[in-house]
Amino acid sequence: MDHDARDTARWIDIPVLAQDPAESALLTHFLTENSFRFQQSRRFFSVPIEDADRLEERVNLWAFNHEMPPDTRVEDSLDATLSMIGEVVLLAIAAAKANVSPNPIPAAGIDLTRNEN
């Protein structure tokens, strides 16, 4: 996926690394089973911003509402991994929503368009 060729403000970039096989496989399965369009790079899964509300709703059900009893035999259980991925997705959604809000005031009031010679 070429990040420079797309409008990054219109995508939710979820920082789940492709080289982490468990997290990557779980997120791929979740997105596919819930019919989300997505693209994957080495560092991100990217979902269109127009799917933000549905993604937030579905990830809350998937990552935080478990019917499995806690497994004290392992440090990183499936529940813990799903919750961690869910938190990452929710933070990515919040960041993407914040980035697409209109802001008519330049950052720190600096006008970068003026050219004084």
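This is a predicted model: local features need pLDDT of at least 70, side-chain atom pairs count only at pLDDT 80 or more; totals for chains, interfaces and linings use all residues.
Colleague: What makes β1 and β3 a strand pair?

Modeller: Two strands pair if DSSP finds at least two bridges between them. β1 and β3, the latter covering residues 45-48, have four bridges, so they meet that cut-off. The sense is antiparallel, and I12 sits opposite V47 in β3.

Colleague: And how do you know that β2 and β3 pair?

Modeller: Count the bridges again: β2 and β3 have two, in the antiparallel sense. The cut-off is at least two, so that counts as pairing. Q39 faces S46 in β3 there, and a hairpin of four residues links β2 to β3.

Colleague: Why are β1 and β2 called edge strands?

Modeller: Each of them, β1 (11-14) and β2 (39-40), pairs on one side only. The open sheet of three strands runs in the order β1-β3-β2.

Colleague: Why does β2 count as a strand, with just residues 39-40?

Modeller: A strand is a DSSP run of E with at least two residues, so a run like that qualifies. β2 covers 39-40.

Colleague: What makes you call F45, S46, V47 and P48 buried, and which way do they point?

Modeller: Buried means under 20% relative accessible area, and all of these residues in β3 come out as buried. F45 and V47 point one way, S46 and P48 the other. Over the whole protein chain, 31% of the 117 residues count as buried.

Colleague: Where does helix α1 come in, and at what angle to β3?

Modeller: Helix α1, residues 21-33, lies across β1, β2 and β3, and runs at about 20° to β3. In sequence order the protein chain reads β-α-β-β-α-α, which comes to three helices and three strands.

Colleague: What share of the contacts with a separation of 6 or more comes from residues 24 or more positions apart?

Modeller: In the protein chain, that share is 60%, with a contact meaning heavy atoms within 4.5 Å.

Colleague: And how much accessible surface does the protein chain have?

Modeller: About 8100 Å², with 52% of that belonging to carbon and sulfur atoms.

Notes:
Residues are numbered from 1 along each chain as its sequence is written. Side-chain values use heavy atoms; hydrogens and water are left out. Axes are lines fitted to C-alpha atoms, for helices over the stretch in contact, and angles run from 0 to 180 degrees between N-to-C directions. Buried means under 20% relative accessible area, exposed over 50%, partly exposed in between (1.4 Å probe, protein chains only). Accessible areas come from the Shrake-Rupley method with a 1.4 Å probe; for residues, only the protein chains shown count as cover.
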